[in-house]
Amino acid sequence: MDYSVIVFDTAPTGHTLRLLQFPSTLEKGLQKMMSLKSKFGGLLSQMTRMFGVEEEFGEDALLGRLEGMKDVIEQVNRQFKDPDMTTFVCVCIPEFLSLYETERLVQELTKFEIDTHNIIINQVLYNEEGVESKLLKARMRMQQKYLDQFYMLYDDFHITKLPLLPEEVTGVEALKAFSSHFATPYQPSTGGGTVEELERKIDALKQQLTDAEEELEKLRKGKQIA
């Protein structure tokens, strides 16, 4: 099957780095094994003839398999290091540990000569209209501190911020709607809204006021009885 783009959703940083090291490690191991052929090739041939498995596990058969594996691994390494074929997109959240892990990942990718110039910062809280929660405002201030550090450290990267939503992003339509933020930055609702929205807010405030007045009246009657 042919695809224009293949996306690998990798594991957390530590596992991903070990995965990226694997082709180079395996290539070095195969080179070492092939270098030992001249030392132990004769012994291996004698043992395979002794056990009658020379065709399957003989020196030439094993050497052919090792060379085939080496060619594949070298090709994978070349593709990993080709920026026209492979790039790594770092996904993180605006918190200290995630910032630290992202910096560690970017440095290791640079050592591996793997292209990376995109960072996606997920679960960002925006100062939406009507947000009054002290907890949310405190989290916004905390996130902003780390967002500033991201932009300072990676001023030459393309950084995309994605909002923390009140619901899960599940289903094709929800994914399509959410993915639009990759092309068009998310804009929090800070304006006054439409006339209908304002009327609904006024009705809600009136109802809250009515409920508060009823509760106050009950408290007053309770005091009079006491």
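Predicted model: local features only at pLDDT ≥ 70, side-chain atom pairs only at ≥ 80, totals over all residues.

Visitor: How many helices and strands are in the chain?
Guide: Eight helices and three strands. From the N terminus, the order is α-α-α-α-β-α-β-α-β-α-α.

Visitor: And how much of the chain is buried?
Guide: Buried residues are 23% of the 226 in the chain.

Visitor: Let's pick a helix. What span should α5 have?
Guide: Helix α5 covers residues 96-111, which is 16 residues. At 1.5 Å a residue, α5 should span 22 Å. The C-alpha atoms at its ends are 23 Å apart, so the two agree.

Visitor: Which residues of α5 are buried?
Guide: Ser98, Leu99, Thr102, Leu105, Val106, Glu108 and Leu109.

Visitor: Why would residues three or four places apart point the same way?
Guide: An α-helix has 3.6 residues a turn, so such residues point the same way.

Visitor: What comes just after α5?
Guide: Glu113 sits there with a positive phi of about 65°.

Visitor: New topic: the surface. Which residues form the negative patch?
Guide: Asp211, Glu213, Glu214 and Glu215. Glu213 belongs to helix α8, residues 195-225. Its relative accessible area is 48%, so Glu213 counts as partly exposed.

Visitor: What about a nonpolar patch?
Guide: Tyr3, Ile6 and Phe8 form one on the surface. Together they have about 420 Å² of accessible area.

Visitor: Where is Ile6, and is Ile6 buried or exposed?
Guide: Ile6 lies in the segment before α1 (13-35). Its relative accessibility is 58%, and exposed means over 50%, so Ile6 counts as exposed.

Key
Residues numbered from 1 in each chain as written. Heavy atoms only, no water. Helix = DSSP H or I, 4+ residues; strand = E, 2+ residues; numbered from the N terminus. Expected span 1.5 Å × (residues − 1). Buried < 20%, exposed > 50% of the residue type's maximum accessible area, 1.4 Å probe, protein only. Patch = residues over 30% accessible without salt bridge, like charges linked within 9 Å, V, L, I, M, F, W, Y side chains within 5 Å. Areas by Shrake-Rupley, 256 points an atom, 1.4 Å probe, with all protein chains shown as cover. Salt bridge = Lys/Arg side-chain N within 4 Å of Asp/Glu carboxyl O. Lys, Arg positive; Asp, Glu negative; His and termini not counted. Charge placed at Lys NZ, Arg CZ, Asp CG, Glu CD.
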